[in-house]
Amino acid sequence: MNDENDWFGPEAATLGDRLAGAREAAGMTQSQLARRLGVKKATIAAWENDLSEPRANRLSMIAGMVNVSIMWLLTGEGEGMEAPIDDGEANLELGSAVAELRAIRGEMRACAERTARLEKKLRLMLEQGK
């Protein structure tokens with residue numbers, strides 16, 4: 001399968017994307033999954049929005065509950081979900097928009113990393129100058 005059609009692969013999706021997709025495919029709401037895991041709904045939302053990540057024990061529980069492998073949740077490879085079924089041209093436009101958003105998110109992440117490195121370098125320069 002090529003990356004363009006690999007909706008949940010490592011280049012196209014994050015752990016949060018895969019978690020949300022698998023949860024929805026399992027027919028669970030965030031509240032239901034949170035209750036079954038013993039965490040708050042806000043925790044599930046943070047995981048799905050890639051603001052934080054579950055610990056290994058929770059990841060294992062999640063994988064079992066949504067019927068995917070831990071490896072698939074982490075990387076998009078292994079036993080997991082297939083890409084959504086294509087409903088025609090509307091999905092092509094939507095898929096294109098999602099791909100563009102993912103590209104923008106990747107660029108933003110790269111810029112944030114560059115900014116953090118520059119900030120660290122400047123901080124070190126300031127400390128050395130004192």
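**Figure 1. Contacts and overall composition of the predicted model.** Of the contacts (heavy atoms within 4.5 Å) between residues at least 6 apart in sequence, 53% join residues at least 24 apart. The protein in this predicted model has 6 helices and 0 strands, helices being DSSP runs of H or I with at least four residues and strands runs of E with at least two, numbered from the N terminus. The order of elements from the N terminus is α-α-α-α-α-α. Of the 130 residues, 26% are buried; buried means under 20% relative accessible area, exposed over 50%, and partly exposed in between, with a 1.4 Å probe and protein chains only. The accessible surface is about 9200 Å², with 53% of it belonging to carbon and sulfur atoms; areas come from the Shrake-Rupley method with a 1.4 Å probe, and for residues only the protein chains shown count as cover.

Figure 2. Gly 38 follows H2 and has a positive phi, near 75°.

**Figure 3. Leu 37 and the largest nonpolar core.** A nonpolar core is a set of buried Ala, Val, Leu, Ile, Met, Phe, Trp, Tyr and Cys residues joined through side-chain atoms within 4.5 Å. The largest one has 17 residues, of which Leu 37, Ile 44, Trp 47, Ile 62 and Leu 73 touch the most other members. At least two residues of this core come from each of H1, H2, H3, H4 and helix H5 (70–75). H4 supplies the largest share, 4 residues. Beyond its neighbours within four places in sequence, Leu 37 contacts Ile 44, Trp 47, Arg 58, Met 61, Ile 62 and Met 65.

Figure 4. Met 71 is partly exposed, with a relative accessible area of 47%. Not counting residues up to four places away in sequence, Met 71 touches Gly 76 and Glu 77. The C-alpha atoms of Met 71 and Ser 60, 11 residues apart along the chain, are separated by 9.8 Å.

**Notes to all views.** Residues are numbered from 1 along each chain as its sequence is written, and side-chain values use heavy atoms, without hydrogens and water. Local features need pLDDT of at least 70 and side-chain atom pairs count only at pLDDT 80 or more, whereas totals for chains, interfaces and linings use all residues.
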